[in-house]
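Reader: I am new to reading protein models, and I would like to go through one slowly. Could we look at it together?

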Amino acid sequence: MNTLNPRNKKMALLCAITFLNLSIFAFAGEMKEVDTTGNKQNRIEIKDFAFNPQTLTVKSGEKITWINRDEEPHTVVSVEKQFKKSTALDTDQEFTITAGAPGTYTYFCSVHPKMTGTIVVVKS
Ligand SMILES: [Cu+2]
């Protein structure tokens, strides 16, 4: 019969604490990895003739991906031509850019110029 005597209880507690610490470290490591590889998801959905969110704040160097959820084709075009424009995006098609220098970047859909959005790039 494996009854826990006080010493075993202490050992079990130590093991549990060690395991918990290791788990936390593993989790922290994973978080760090996500940050350094720039895999943070900056997604803008195009739905019902609007960009969602309409204003997105990202860090310089991060990627930004638009995805068209409408049946209509849409584009992503920088007002000041500060980044490459997308092709006409079909349903579920994506367009990705990498955020450059800090600043405010406005864009619109050239098919429906009333559709506008803003990217705010801050220092990484
Ligand atoms: Cu459009």
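Reader: Which strands stand at the edges of the open sheet?

Author: Four strands form this open sheet, with mixed pairing, in the order β3-β8-β7-β5. An edge strand has a single partner strand, so one side of it is left without a neighbour in the sheet, and this holds for β3 (55–59) and β5 (77–78).

Reader: In β8, which residue is the bridge partner of K59?

Author: Strand β3 runs parallel to strand β8, which covers residues 116–122, and five bridges join the two. Within β8, the bridge partner of K59 is V122.

Reader: Is G103 buried, partly exposed or exposed?

Author: G103 lies in strand β7, which spans residues 103–108. Because a residue counts as buried at 20 or more other C-beta atoms within 10 Å and as exposed at 12 or fewer, G103, with 13 such atoms, is partly exposed.

Reader: Over which residues does pLDDT stay under 50?

Author: The mean pLDDT of the protein is 82, and 68% of its residues reach 70 or more. Where pLDDT is low, the predicted coordinates should not be read in detail. The stretch where pLDDT stays under 50, for which the model has five contacts beyond four places in sequence, is residues 20–38.

Conventions. Residues are numbered from 1 along each chain as its sequence is written. This is a predicted model: local features need pLDDT of at least 70, side-chain atom pairs count only at pLDDT 80 or more; totals for chains, interfaces and linings use all residues. Two strands pair if DSSP finds at least two bridges between them. pLDDT is the predictor's confidence in each residue, from 0 to 100. Two residues are in contact if their C-beta atoms, placed from the backbone, lie within 7 Å.
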